[in-house]
Amino acid sequence: MLTIKNLNKNFGGLQAVRNCSFEIQEGSITGLIGPNGAGKTTTFNMIAGEERPTSGRIMFEGQEISGLPTYEMFHRGIVRTFQIPHEFSKMTVLENLMVVPPEQPGESIIKNWIARGAVMRREKEIQERAEESLEFLSISHLWNQEAGNLSGGQKKLLELGRTMMADAKLVLLDEPGAGVNPTLLMKIRDMIARLRSDRGYTFCVIEHDMDMIASLCDPVIVMAEGTVLTQGNMNDIRSNPEVLEAYLGGGEVQ
Ligand SMILES: Nc1ncnc2c1ncn2[C@@H]1O[C@H](COP(=O)(O)OP(=O)(O)O)[C@@H](O)[C@H]1O
Ligand SMILES: [Mg+2]
């Protein structure tokens, strides 16, 4: 579904991503792990259109998408969440979801005048979809809360909810488990698995919680120093001496 080939990203003299190549198969939940500073988030930023590659190619469903802006990526079905949630803190939970779908007719004053019925129908559809998403994530009771007041874990669920409002195909999750308590972590993991089976999403997940990666992801791609060190299933990776070496001083593979 997605192929990245010889991708590079330099920040001044720093090579954050270097000659990085990998594939994400449609229908998979692919893990992306590696020590801090390995270039994982920068790779996501390039796939989602937030950063332009210095060089290299990104192909999505057979088409070159390298360097396209975020709204183009979104339009094609590539949706990402952030390591630190990007909620609209003064809006309610429901409103945060309702602003996701693009090109809403109600945003145009003219259309509001001449096609009021259509505008209202579309708005009702969007609201229903938002309510369904909240139900799916079991956070319906929070619909009217200001998003800024949610706990860290609830904000992560809201981020997942935003991916459900888009017609997502490939969802990039940047540390969905960061700052989340173990119970909620399990819930987020189950939601990801359900979104794949019920909605057909393909996922690529950056995560430091190795139990979560092991129970959710196959294959797992290991990045270190900007490039792919190895990939395979979690059992192979856990016993790979190069991987252990890469984590020394950084984190730990348990
Ligand atoms: N906008 C930026 N400007 C300069 N350096 C950056 C920028 N973004 C990331 N880096 C650097 O690139 C490297 C890779 O970072 P990142 O992709 O965030 O790694 P990871 O997500 O694997 O922890 C790090 O050395 C980081 O400091
Ligand atoms: Mg990161």
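Me: Which domains does the lining of the largest pocket draw at least three residues from?
Reply: This is a predicted model, and in it the lining of the largest pocket takes at least three residues from each of domain 1 (2-86 + 168-247) and domain 2 (88-149).

Me: What volume does that largest pocket have?
Reply: Its volume is about 390 Å³, and of the 19 residues that line the largest pocket, those closest to its centre are F74, V79, R80, F82 and R162.

Me: And which elements give two or more residues to the lining?
Reply: Those elements are α2 (70-76), β6 (78-80) and α6 (152-165), and it is α2 that gives the most to the lining of the largest pocket, with four residues.

Me: How do the lining residues divide into nonpolar, polar and charged?
Reply: The lining of the largest pocket has 11 nonpolar residues, together with four polar and four charged ones.

Me: Switching to ligand 1, what is it surrounded by?
Reply: The residues around ligand 1 are F11, L14, A16, P35, N36, G37, A38, G39, K40, T41 and T42, and this shell divides into five nonpolar, five polar and one charged.

Me: Which element gives the most to that shell?
Reply: That is α1, with three residues, while β2 (14-24) and α1 (40-47) each supply at least two residues of the shell around ligand 1.

Me: How much of ligand 1 does the protein bury?
Reply: Taken alone, ligand 1 exposes 560 Å², and the protein buries 60% of that.

Conventions: Residues numbered from 1 in each chain as written. Chains lettered and ligands numbered in written order. Predicted model: local features only at pLDDT ≥ 70, side-chain atom pairs only at ≥ 80, totals over all residues. Heavy atoms only, no water. 1 Å grid on protein atoms, 1.4 Å probe; cavity = no way out; pocket = protein on both sides within 12 Å on 5 of 7 lines; lining within 4 Å. Points joined across faces, edges and corners; volume = space filled by probe spheres on them. Nonpolar A, V, L, I, M, F, W, Y, C, P; charged D, E, K, R; others polar. Domains from an automatic or database assignment. Near = heavy atom within 4 Å. Areas by Shrake-Rupley, 256 points an atom, 1.4 Å probe, with all protein chains shown as cover.
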